[in-house]
Amino acid sequence: MADLHVPIRPGTDALLLLALLQVIFAERLARPGRLAAFADGLGAIEELVTHFTPEAVAAATGVPSAVTARWRASSRPPSRPWPTAAWASPCRSSAGWRAG
């Protein structure tokens, strides 16, 4: 469940997306793995977003760079991968919460 609502200025969604992509590339969080063969142009995207730092877009989006810093800390992959199972994720339906 989300614990933070981040309102952004209307029309600045793309700027925030570019800033988040910049963080992903700058901090080497992008790991395409087996999808690399299907992901043409990742280098070009990385180059494109270089100047869209959270600090650079904060004034336009209204999202303080400290909020993006919080996202950075929470997006770090664990040192050891956690086992995941799609069927074990909780889902909410009209009947309430259930295992997905």
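This is a predicted model: local features need pLDDT of at least 70, side-chain atom pairs count only at pLDDT 80 or more; totals for chains, interfaces and linings use all residues.

Q: Is Arg28 buried or exposed?
A: Arg28 has a relative accessible area of 56%, and the cut-off for exposed is over 50%, so Arg28 counts as exposed.

Q: Which residue does Arg28 form a salt bridge with?
A: With Glu46, and the closest N and O atoms of the two are 2.8 Å apart. The pair links distant parts of the chain: Arg28 sits in the loop between α1 and α2, Glu46 is in helix α2 (residues 42-48), and they are 18 residues apart.

Q: How many salt bridges are there in the count?
A: The count comes to 1 salt bridge.

Q: And what about Glu46, how accessible is that one?
A: Glu46 is at 26% relative accessibility, so it counts as partly exposed.

Q: Switching to α1 itself. What span should the helix have, and what does it have?
A: Helix α1 covers residues 13-26, which is 14 residues. At 1.5 Å a residue it should span 20 Å, and its end C-alpha atoms are 20 Å apart, so the two agree.

Q: Which residues of α1 are buried?
A: Leu16, Leu18, Ala19, Gln22, Val23 and Phe25.

Q: Where's Ile24, and how accessible is it?
A: Ile24 lies in helix α1. Its relative accessible area is 23%, so Ile24 is partly exposed.

Q: What does Ile24 touch?
A: Leaving out residues up to four places away in sequence, Ile24 touches Leu29, Ala30 and Trp71.

Q: How far is Ile24 from Glu46?
A: In sequence they're 22 residues apart, and in space 9.1 Å, going C-alpha to C-alpha.

Q: New topic: how do α1 and α3 cross?
A: Helix α3 is residues 54-61, and the axes of α1 and α3 come within 9 Å and cross at roughly 165°. Angles over 145 degrees count as roughly antiparallel, so α1 is roughly antiparallel to α3.

Q: Left-handed or right-handed crossing?
A: The crossing of α1 and α3 is left-handed.

Q: Which residues make that contact?
A: From α1 it's Leu15, Leu16, Ala19, Gln22 and Val23, and from α3 it's Pro54, Val57, Ala60 and Thr61.

How values were computed:
Residues are numbered from 1 along each chain as its sequence is written. Side-chain values use heavy atoms; hydrogens and water are left out. Helices (H or I, at least four residues) and strands (E, at least two) are DSSP runs, numbered from the N terminus. The expected span of a helix is 1.5 Å times one less than its number of residues. Buried means under 20% relative accessible area, exposed over 50%, partly exposed in between (1.4 Å probe, protein chains only). A salt bridge is a side-chain nitrogen of Lys or Arg within 4 Å of a carboxyl oxygen of Asp or Glu. Axes are lines fitted to C-alpha atoms, for helices over the stretch in contact, and angles run from 0 to 180 degrees between N-to-C directions. Angles under 35 degrees count as roughly parallel, over 145 as roughly antiparallel, 65 to 115 as roughly perpendicular and the rest as oblique. A crossing is left-handed if the near helix is turned anticlockwise from the far one by less than a right angle, and right-handed if clockwise. Contact means heavy atoms within 4.5 Å.
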